[in-house]
Amino acid sequence: MKLPNHLAGGTLITAILSSLSGLNVFQSLTTIITMLVATTLPDIDHPKSVIGRTCKPISLFINRRWGHRTITHSLITLLILTLFLAILEKGITDKNTLSLIFFYAYLSHLLLDMVTLMGVPLLYPFSKNPFVLPGNPRYRIRTGDIRAETIAFCLFILLSISLRPLFQQGFWTSYNRLFGTMHHLAAEFKKADDLLEVTYYGKRGTETIQGKGLCIEADINKAILIENDKFVVLDKDKMIIDKVIPTHTGRQFTFSQIPLIAVTIDSLNTLLHNQWIKEIDLSAESPFRTIANGIPSEQKRFKSQLLTSIWFQEIDIPYPSPDPFKTDSYIPDTSPSFKPDPSKTAPHYPNSSLFIYQPNPRIPLLQQKLRLLQTERLSQQEAWRQHQQHIDNLKQLLQTTTSITEKERLYIQLVAAQKIAPPRIDRSTETLLLTEIQQLQRAEKLKNEEQRLKHLQDLQSVEKTATLLSGFVTTLEIH
């Protein structure tokens, strides 16, 4: 096929295959360029092609050595180039996104050439037999047939436009959105690496309900959403769920479990102010009061889930006051959105604040410096390895080439390459930095341990009227 069809058809095939892997080839300029280059790269064996004219020396060499539609149109070349790019990309970015897109795009060129009369020798150099699609030559395209190639080009463009939502969302996301069941929502939530926004439709009794919220948990029977600053639970046992449609937001969320030991009420109120609470379990030796989502209660142990607001009080503070004209008592609002005034809460005990770990600010700076040195050393080692590979390649070419002129040119390159000295790698600075970091970390740990012991001693000296709570709380943070 000609270049326009390789670009249009290659884009279509690559986008479809990438969507099956959860990739969007149009997500960045880098992925688009990688795709377009790979869709045309096999024709580098043809000096008159666009990429052949761009890389003329390489194109001429391949064409003279193997000819057109041979080695560059084989599976072994596809696998070798993909493996090389995957290793390179993994070492730089720790991902394989570009190498996978490269594989699909290069493969699309081979598939499109298989539809032509000539076909492609996929098993070259082991076999020169061409592979074709379909088997009947009447249904294949003759390269250069303007009418057939124009029809194919228009078809590729129309399909690419109509399948645009598939490319953006990915195949499995589109599949899960199409069916929209709790099972498909759970599958999408499990594979998603970002926060999902879920549009839901259902019934609770005879009441029709619908809404949209951010999904923080989902399985085949239940999903937990945040909608309008409230937790909403979609439970199949308590309602009929007609459809749930997930959409990726690109945002992230994290759960943080905070252990609490002998924490006073005022410190706890400060810690949990304006926090989303997924789960909380606290207990004390004496009763205390809580106002959770606007509902007051008194107990020695408080355990709950999915709270948007919570407030704690000493039990001896009047609540509510029977005298509406009494102004020295704190009467908090019991609505879910109440915002307590810290100046009107229980007495503050100066020695009861939470212990906060104090890191040494110099350690991250030294760690960053160490990482830079290690990166530079690894880059030098990789450059020297590639140089040695280049020398080995020159030696191999010297043995295989038959042209005297080419041999002389390769010999000059080999001599010049062998004169380059290996890089001098000194790891003493890295060792000194690592030693200093370890010493600072030990000193930091000892200092904070002393502060923690002092903090516990201070807690023991707090007045007996203070209520100390212990347990844990799991908070939600959306980025």
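**View 1. Gly-10 and its surroundings.** Leaving aside neighbours within four places in sequence, Gly-10 is in contact (heavy atoms within 4.5 Å) with Asn-5, Thr-39, Ser-108 and Leu-112. This is a predicted model, in which local features need pLDDT of at least 70 and side-chain atom pairs count only at pLDDT 80 or more, while totals for chains, interfaces and linings use all residues. Residues are numbered from 1 along each chain as its sequence is written, and side-chain values use heavy atoms, with hydrogens and water left out. To find Gly-10, look in helix α1 (residues 3–20); helices (H or I, at least four residues) and strands (E, at least two) are DSSP runs, numbered from the N terminus. Gly-10 is buried, with a relative accessible area of 0%; buried means under 20% relative accessible area with a 1.4 Å probe, counting protein chains only. Between the C-alpha atoms of Gly-10 and Ala-38, 28 residues apart along the chain, the separation is 8.9 Å.

**View 2. Helices α9 and α10.** Here the axes of helix α9 (residues 171–179) and α10 come within 9 Å and cross at roughly 155 degrees. Axes are lines fitted to C-alpha atoms, for helices over the stretch in contact, and angles run from 0 to 180 degrees between N-to-C directions. The two helices are therefore roughly antiparallel (angles over 145 degrees). On the α9 side, the contact is made by Trp-172, Thr-173, Tyr-175, Asn-176 and Phe-179; on the α10 side, look for His-184, Ala-187, Glu-188 and Lys-191.

**View 3. Rings around Phe-253.** A search of the whole structure finds eight aromatic pairs; rings of Phe, Tyr and Trp (its six-membered ring) pair if their centres lie within 6.5 Å, and planes under 30 degrees apart count as stacked, over 60 as edge-to-face and the rest as tilted. One of them is the tilted pair of Phe-189 and Phe-253, at 6.4 Å centre to centre with 35 degrees between the planes. Phe-189 lies in helix α10 (residues 182–191) and Phe-253 in strand β6 (residues 253–264), so this pair ties together parts that are 64 residues apart in sequence. Ring pairs link Phe-189, Phe-253 and Phe-255 into a cluster.

**View 4. Phe-302 meets Phe-312.** These two residues form an edge-to-face pair, 6.4 Å centre to centre and with 85 degrees between the planes. Phe-302 belongs to strand β8 (residues 295–307) and Phe-312 to strand β9 (residues 310–314), so the pair ties together parts that are 10 residues apart in sequence. Phe-302 and Phe-312 are both buried.

Notes:
Buried means under 20% relative accessible area, exposed over 50%, partly exposed in between (1.4 Å probe, protein chains only). Angles under 35 degrees count as roughly parallel, over 145 as roughly antiparallel, 65 to 115 as roughly perpendicular and the rest as oblique.
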